[in-house]
Amino acid sequence: GGSVENVDDARMQELVAQGVRVIDVRTAGEYQMGHIPGAENVPLSGFQAAAATWDPAQPLAVYCATGERSLSAVQHLEGRGFSQVYHFNAGIIAYSGELQTADSATQVPDTEVVNTPVMYEFYTDW
């Protein structure tokens with residue numbers, strides 16, 4: 001079987017700096033609101049299908065919001081024999097590095113906002 005290593009915030013930032021492949025298993029909406037730079041968004045609903053195409057020899061770092069969803073993703077990878085999986089088990093809420101948001105070009109500058117209330121609704125796959 002593979003080896004899973006729980007990592008803390010400092011170690012996660014090291015892995016990101018080293019260019020380890022980072023997988024964010026949250027929903028697309030959560031990902032757009034802020035993610036670890038360079039992370040790939042692979043929501044849990046499609047995770048097993050995506051993971052089937054990955055190289056088990058390539059190290060992966062996996063996270064979600066609080067560590068709950070990423071745990072099941074990590075267990076799946078371990079069962080598939082991935083050799084090195086880093087689990088940021090505290091979740092992105094514990095990440096002190098800079099976060100990336102969705103492409104800023106898609107966001108309307110504040111100066112153009114019209115005074116009408118805007119409702120944001122988030123849907124999850126669960």
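**Close-up views of a predicted model**

View 1. Buried here means under 20% relative accessible area, exposed means over 50%, and partly exposed lies in between (1.4 Å probe, protein chains only). Helices (H or I, at least four residues) and strands (E, at least two) are DSSP runs, numbered from the N terminus. This is a predicted model, in which local features need pLDDT of at least 70 and side-chain atom pairs count only at pLDDT 80 or more, while totals for chains, interfaces and linings use all residues. Residues are numbered from 1 along each chain as its sequence is written, and side-chain values use heavy atoms, with hydrogens and water left out.

**View 2. The neighbours of strand E4.** Strand E2 (residues 21-24) runs parallel to E4 and is joined to it by four bridges, and two strands are said to pair if DSSP finds at least two bridges between them. Within this pairing, Arg-21 has Leu-60 of E4 as its bridge partner. E4 also pairs in the parallel sense with strand E5 (residues 84-87), over three bridges, and here Leu-60 stands opposite Val-85. Between E4 and E5 the chain passes through helix H4 (residues 68-79) in a right-handed β-α-β crossover, that is, with the strands pointing away from the viewer, the path from the first strand over the helix to the second runs clockwise.

**View 3. A salt-bridge network that includes Arg-11.** Glu-5, Arg-11 and Glu-14 are linked in a network of salt bridges, each defined as a side-chain nitrogen of Lys or Arg within 4 Å of a carboxyl oxygen of Asp or Glu. The closest N and O atoms of Arg-11 and Glu-5 are 3.7 Å apart, whereas the bridge between Glu-14 and Arg-11 has an N to O distance of 3.2 Å. Glu-14 and Arg-11 both belong to helix H1 (residues 9-18), where they are three residues apart, about one turn of the helix. Arg-11 counts as partly exposed because its relative accessibility is 23%, and Glu-14, at 41%, also counts as partly exposed.

**View 4. The salt bridge between Arg-26 and Asp-24.** The side chains of Arg-26 and Asp-24 meet in a salt bridge at 2.7 Å, N to O, and both residues are buried. A search of the whole structure finds five salt bridges.

**View 5. Ser-45 in its loop.** Ser-45 lies in the loop between strand E3 (40-41) and helix H3 (47-51), and it counts as exposed because its relative accessibility is 58%.
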